[in-house]
Every structure is written in structure tokens, then in C-alpha cells.
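Subject: Structure handover

Hi,

Here is the structure for you to look through. Please open it first, then read the notes below.

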2 protein chains.
Amino acid sequence: MAMSNRVNRQWRLKSRPTGLIKPDNFEFVSEAIPEPAEAQLLIRSVYLSLDPAMRGWMVDRPSYVPPVQIGEVMRGLAVGLVEKSNHPKFSAGDRVQGMFGWQDYLLSNGEAVTKLPVNQLPFSAYLGLFGLVGLTSYAGLLEVGQPKAGETLLVSGAAGSVGSLVGQIGKIKGLRVVGIAGSDQKCNWLREELAFDAALNYKEANFKKELRAACPNGVDIYFENVGGEILETALYLMNTFGRVVACGMISLYNAIQPVPGPANFALVISKRLKIQGFIATDYSSKLKEMVSSFTEWYSSGQLKYRVDIVRGLEEAPVAINKLFDGSNQGKLMVQVSDPPLAT
Amino acid sequence: MAMSNRVNRQWRLKSRPTGLIKPDNFEFVSEAIPEPAEAQLLIRSVYLSLDPAMRGWMVDRPSYVPPVQIGEVMRGLAVGLVEKSNHPKFSAGDRVQGMFGWQDYLLSNGEAVTKLPVNQLPFSAYLGLFGLVGLTSYAGLLEVGQPKAGETLLVSGAAGSVGSLVGQIGKIKGLRVVGIAGSDQKCNWLREELAFDAALNYKEANFKKELRAACPNGVDIYFENVGGEILETALYLMNTFGRVVACGMISLYNAIQPVPGPANFALVISKRLKIQGFIATDYSSKLKEMVSSFTEWYSSGQLKYRVDIVRGLEEAPVAINKLFDGSNQGKLMVQVSDPPLAT
């Protein structure tokens, strides 16, 4: 196999970042590939997902999952193949997904390892369209946002892996969809390829004025991926009984000093807004429905997605900052080893 | 009648306040008491409610109601008596409630005038226990907050007219109730008279530490009356899937500069919080249920309330600042004229 290792390389957390993640926050170590004992399986990672939430997992504070401890292999969602199995429920060659971490191989007892259905899409689609990205978009917009046809949906981080799916689901559900992104190129892609009704570059001088013009009937749902000043701008545009789906606040993740919240927060009362935070895994019960809807919409050409694949596990600590400097285009992942040949 | 006027005195808005409301933001004028024409009625105001929301109505910006215009009689909820009626649905002596404004008399066509049931409570109870204060407390906690017995409820502005009712409803519903107020005297009242489980003075040096200790199981519902720094403190204490009932943000109403929102706003996501603003009148359908529950709880001694009655319409522009300097104790109102004799 062209790309698979004879040792198990691991990125272990060495120190907690201040501001952006730096390569020396990690230590790159190698150990022998472990052998599965009775009732164990050995998983070879193929694609490792790089996600904004990882920045939070590196900080030692209470959150929805415990922080990664110093010396531990960095946590990460990945898809891979079962390499060897002594486990009754898994066979060599099975496609699997789970928190395999920033490493080549994982020895597992099968807990929290999900077998993936074989489909005709590239192997990377398990992270690029399905998986957490898909569930976050699907459940966030439909379950938390409760959209009604004809409403206006505003999406920040719209060219990101979640934002671009959210906007397309919005179009399928009959919403007016307005996206916010950080470059003209991304905005063009949203308008021309994904059929957003409008897409605005928040770095432009006239951004606020143009945003207001792009939402002539105000905003009913704001899908929040970035936080900070854009949240404040969105609150001004919200309609009475509007909903803010709080998915991420990427602008805050690397902040060294606390960033003040929106100064117009009292609008929550006068406009009777509902601001609701969520985590995709709270909606695991919707996974099957999401896979079925996405498969249908993808096949009919209504849903498009992009992946941004960086080759080589050794690149992970540098590549992750593409999420924070706005340079990634599509779902960011690291190719750890070769995917199976196209089926 | 000891206290009723032979002219109709009116406080009209003269200029918009910057910071605290000042008497010279209003003009005190007198006009002849109008005579009801066919299908009209003349209402004599008895008690005029003074509410934090009035500060917002004086500002020229879009909100849930249009701002009071310069030259208009200041808006205000009041209870009164029908003095004369040529309207088929009203008779002289009827007890009525509505937006009668800061004046002695109102000529009305009967629209948006609610007839009040006769009860055994003092006339001021229509504003002190029922009316908007009651509905705000009842619907805010039960409909927006969705409490479950055993949960912890944190209330800010707890000694205020809304906060004190919210805490007591919480106790009746089996919650652990922790109040925040601005003086030791208020805190003692909450603990000793209203049976709050804990009450803390936010001006004390150890406030944050004591608050944490008073909420050993975290906070499931935060009933928000004040905004600003206390909101930020509360977000740190919220449990996963906690609810923030956004009722008021009195600390912001007189701010001249924008006040930053909570710097820990991203906790909304990791804790999956729901922050929901509301206005009592959105829940008018619950009014009857509220009156029936409150009457039962009040009669059985489970619900107590206080009123803070300032005598004389001429005092209104000064008295309203008692809401913002923390000096009022109980529902603040102005006695405009004599109530009917006890029934």
C-alpha cells in the first residue's frame, strides 16, 4: 500500500496553546503497531477530521467533553478500515468511524466504533458530507432552527463545511438564504455554485449596509458559526420571534483575552428571540434520516460539498490553523493512509 | 372625594433622556376634563404603574411598541374607575385596566380597556399581584422556563415586583430558589418572609463565591431581570440544557454607552443553553389561569407581595428612578386618585 505506516505515529498533546495552535504544542512519537487480543480490533485511520472544536478540547476547562490531558494522543474524529479483528462484530476491511485520534492505528474493543455503510461516494464523503458535519448542519437548521418556507436564513461562516450545507438545506426547504464569508471568491462560490440568494464578504467596507439590503424582510433564523461582531450585526437584523442557532463561535476560539458579547444583547427581550446552543451528538437519533435525505439530495444534484484534504498525518498541527485563518475551502481533513479502491 | 382633580393633569414627553430620567424630560400640563360623547367612556385613573420598560419607550428606536413621541402623554399601564359612560359595555363605577397614560383622566372608546373582576384585595393588587407583573412572572417562569421539580432557579432583581413573585412560584413548584438582590435588607426579606433557599447581595465582596456555594447543583433556570455582569456570572453556573428566561436587563436601560454582552457567551454552545426573550402580553392566553392560581396561592398564604405607593401624579417623573437606584421595595406605582372604599 502506497501510504500506510509500519509504526503507529501519534501526535500527543505537549502543552496548551495560547492563541493559535503551534506545532510545538504537540509531540510526534512512534510506537509499534499493537496486536489485537481476544475481542479486540485494530483500526487503520484513513481520513482524520480537523474541526474548530479541537481548539476547545486543548484547553483545561469544563466543557461538554473533558479536555485532552497533557501526554494524551490528541482527540479527533476519523474514518478508517478494520485492519485485523478478533472481535465478533467486526471483520477486516470493514469501514468504520470514531474518535480514533491523531494517530495511524487504534486498538479498540469495539465500543464507540460505528460501522459505515458502503456507498458509491469517495471515502472522504464520510467526513465531508455525512458524519458530524452533516448532522450538525441537518439537526442545527431543521431541529433547532425550525424553519418555515419563505423565511430568511442568515448563515455566517457560510463557505465552511457546515455553513455551506446549512445554506443548501435552507434552499431545499424554501428559505431565502444569505451567506456571510471572508473572501469574494468564497462569496462567488456560494452564489454561483450553491445558489445562495446573496453572499457578502464581511471584510468589505460596506458590509453592514449591504447585509441589510440583502435581507429586505429581516432575518428569521441566524445560523451562528463565528460569534463576535457579526453576531451583534445579526441581532440588529433579527425579526420578532427570530431564532439564533448557536453552532460555533470560531472568532473566539483563539482569543487570548475574553471577547465581550454583543452590546445589543437586550434585543433578545424586545424581539423575543430564542438563542439556542447545540451539539450534533445531541441529535444522534436524526442520523439515519439525515443520511437518507442527504443521499437523495446529493444524487439529484441539490446538495454539493467540497473537501480540503491535506496529505500526511505529520501535517496535522499546521493544517488545523487553516480553519482559523480562513484559507480552507471545504471540509478540512488529513489523509492518514490510502483509502480503499473505488467500489 | 379627597383626591381627585377638577382638571386633567398630564405628563407629556418633552425631551428624550440621556442616562437617568429627569423631571425636565416631561412637561406638566392641565386641560379640561373631557366629556364622553356617544359610545365613549371617561376613565379616572387610580393607580399608575411605574415600570422599567418605560425607560425604553422614551427612546426613539424600533422596539416591540413604538416610542412615545415628543409632545405625547407618557405611556403607562394604570387601573381606575369608569367615571361616566355612554358606552354600552361599561357603567360608571366599573373597575378597569389599560394603557391610560400619565394623566388623571382618559377619554376612551372602550378599545383595549379591560374590565377587572371585583375581589377582596386592596385596589392596588390589580397592579401589584395581577396585571403585567403577575403575568410576566407566571408565564416567564412556567411557560418560558419550563421548570421541573428539584431543579435550581436563580433569580436576579429578586426583591423586585417580578423577581419576588418568580421566586415564590418557584418554591410552590418544588424548585431550589436562589435570589440576587442589592441590599442585605432585601436579602433578609427574601429568605425570611418569602422562604427563598438563599439570597445574596451582589454588592458584597464575596458575592460570586457565595453564589457558587448557594447553587451546589448548578443552575437550571436563570430568570434574568438585570443583565450586565450578573448575566455573565450566571452563565458560568448554568447546567447543560439550562434555560435563561430573558425578562429584563435593568442595568442597561440608563446606559449612555453600549454595554458589552457577556464575554463567556460561547458557553451557550458547549452547555447547549437556551436563552429566550419574552414579553408578558405574548402570553395573554394564560391570564385567566394566572389569576386563578395566584388567588389560590395568595389565599393560602403561599404567595406574598409588596407595593410601593407614591402619592400624587406630580411625583411620577421623580418616583420612576426608584426602579433604577434600587430604593423601591415592591411594585412601584403612583396613586393618582382615591381608590373605591373597601368592598
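**What was found**

In chain B, strand 11, helix 7 (residues 229-237) and strand 12 form a right-handed β-α-β unit. Right-handed means this: with the strands pointing away from the viewer, the path from the first strand over the helix to the second runs clockwise. Helices (H or I, at least four residues) and strands (E, at least two) are DSSP runs, numbered from the N terminus.

A note on the source: this is a predicted model, where local features need pLDDT of at least 70, side-chain atom pairs count only at pLDDT 80 or more, and totals for chains, interfaces and linings use all residues. Residues are numbered from 1 along each chain as its sequence is written, chains are lettered from A and ligands numbered from 1 in the order in which they are written, and side-chain values use heavy atoms, with hydrogens and water left out.

Confidence comes next. The pLDDT (the predictor's confidence in each residue, from 0 to 100) averages 92 in chain A, and 97% of the residues there score at least 70. The model has ipTM 0.84 and pTM 0.86.

Back to strand 11 of chain B (residues 219-224). 6 of its 6 residues are buried, so the strand is largely enclosed by the rest of the structure. Buried means under 20% relative accessible area, exposed over 50%, partly exposed in between (1.4 Å probe, protein chains only). Strand 11 of chain B runs parallel to strand 8 (residues 152-155) of chain B, with 3 bridges. Two strands pair if DSSP finds at least two bridges between them. Here Y222(B) is the bridge partner of L154(B). Strand 12 (residues 238-246) of chain B is also parallel to strand 11 of chain B, with 5 bridges. There, I221(B) faces R243(B).

Now strand 3 (residues 41-49) of chain B. 9 of its 9 residues are buried. Its partners in chain B are antiparallel:

- Strand 4 (residues 78-85): 7 bridges, with L42(B) opposite K84(B).
- Strand 6 (residues 105-108): 4 bridges, with R44(B) partnered by Y105(B).
- Strand 15 (residues 331-335): 3 bridges, with L48(B) opposite V334(B).

Last, how do the two chains meet? 29 residues of chain A are in contact (heavy atoms within 4.5 Å) with 29 residues of chain B. 100% of the interface residues of chain A are also interface residues in chain B, so the copies meet through the same surface.

Best wishes
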